[in-house]
Amino acid sequence: TWLTEFALVTGLLRTRFGRAGEYAPFNVPPGVDRSFVRSLKSAGYYTVALYPVAGGMMKARKAYAAYGFDEFLDSGNLGLAGTYGTRDGVIHAAAVKALHAAQAHGKPVFLMAVTIFNHSEHGVSMERVPESIRTAAGKVMDSAAERDNLADYVWRTRDFEAAYASTRAAVLRGGQAPVLAW
């Protein structure tokens, strides 16, 4: 995820830095003079980043400042637990709230929200996955581990889909002409 954030904001692929590119978000941001975020700011946007865990994680607070965001809100600022178990719906609700607060600046808003719950390798917890999804996954996967991983991934994806639908409805019913990309 941090490599995707880096690529989106800077327009640079980590592969441009060779094998060290896996750590580009640690090392490159202090030298970033141009970014997608800075371009939006120069066009009159107010820019906000939401981060689902503590801002010190992966040096995110420093990186996002270097990218040029006006505001960086981490789990502490948002009153969230800051764990990988923070469901996407919680982040989506925080994003809508932050969007409304940022609109008070009287400018168009670019808000980037990072979700973490659908990051599948952060743990499979089968007791929360509905039996129907586990059964369907069992029909296509022979290995118990693969079956559980697939069922968990499908459940998390459906959970995200429901959260996104709610966010979409909240954002698109506003009076301005929004662009929503997730």
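## Helix H6 and its cover

The buried residues of H6 are Asp88, Ile91, His92, Ala94, Ala95, Val96, Ala98, Leu99 and Ala102. Buried means under 20% relative accessible area, exposed means over 50%, and partly exposed lies in between, with a 1.4 Å probe and protein chains only. The model is predicted: local features need pLDDT of at least 70, side-chain atom pairs count only at pLDDT 80 or more, and totals for chains, interfaces and linings use all residues. Residues are numbered from 1 along each chain as its sequence is written, and side-chain values use heavy atoms, with hydrogens and water left out.

H6 covers residues 88-103, 16 residues in total. From first C-alpha to last, H6 reaches 22 Å, close to the 22 Å expected at 1.5 Å a residue. That expected span is 1.5 Å times one less than the number of residues. Which elements cover the buried residues of H6? They include strands E1 (46-50), E2 (71-73) and E3 (109-113), plus helices H5 (75-78) and H8 (144-172). Contact here means heavy atoms within 4.5 Å.

## The chain as a whole

The chain has eight helices and three strands. Both kinds of element are DSSP runs numbered from the N terminus: helices are H or I with at least four residues, strands are E with at least two. Read from the N terminus, the order is α-α-α-β-α-β-α-α-β-α-α.

Along its principal axes the C-alpha trace spans about 55 × 45 × 25 Å. The chain has 182 residues, and 38% of them count as buried. Among contacts with a separation of 6 or more, 62% come from residues 24 or more positions apart. The accessible surface comes to about 10,300 Å², and carbon and sulfur atoms hold 54% of that surface. These areas come from the Shrake-Rupley method with a 1.4 Å probe; for residues, only the protein chains shown count as cover.

The chain carries 20 positive and 16 negative charges, and their mean positions are 7 Å apart. Lys and Arg count as positive, Asp and Glu as negative; His and the chain ends are not counted. Each charge is placed at NZ of Lys, CZ of Arg, CG of Asp or CD of Glu.

## Helix H4

H4 spans residues 60-67. Ala60, Ala63, Tyr64, Ala66 and Tyr67 are buried there. Why do they sit on the same side of H4? They cover an arc of only 160° around the axis, so they share one side. The arc is that of the directions from the helix axis to the C-beta atoms. An α-helix has 3.6 residues a turn, so residues three or four places apart point the same way.

The buried residues of H4 pack against helices H1 (2-10), H2 (24-27) and H3 (36-42). They also pack against strands E1, E2 and E3. Just after H4, Gly68 takes a positive phi of about 105°.

Met58 is found in the loop between E1 and H4. Lys59 has its place in the loop between E1 and H4 too. Met58 has a positive phi of about 55° although it is not a glycine. Lys59 also has a positive phi of about 55°, and it is not a glycine either.

Are these residues buried or partly exposed? Met58 counts as partly exposed, at 31% relative accessibility. Lys59 is partly exposed as well, with a relative accessible area of 40%.

Gly89 is in H6. At 33% relative accessibility, Gly89 counts as partly exposed. Gly89 and Thr167 are 78 residues apart in sequence, yet their C-alpha atoms are 8.5 Å apart in space. Val90 is partly exposed, with a relative accessible area of 38%. Its C-alpha lies 10 Å from that of Phe160, 70 residues away along the chain.

Asp159 lies in H8. Asp159 is buried, with a relative accessible area of 15%. What does Asp159 touch, leaving aside neighbours within four places in sequence? Asp159 is in contact with Arg87, Asp88 and Phe117. Of these, Asp88 is one of the buried residues of H6. At 43% relative accessibility, Asn149 counts as partly exposed. Asn149 and Ala137 are 12 residues apart in sequence and 8.9 Å apart in space, C-alpha to C-alpha.
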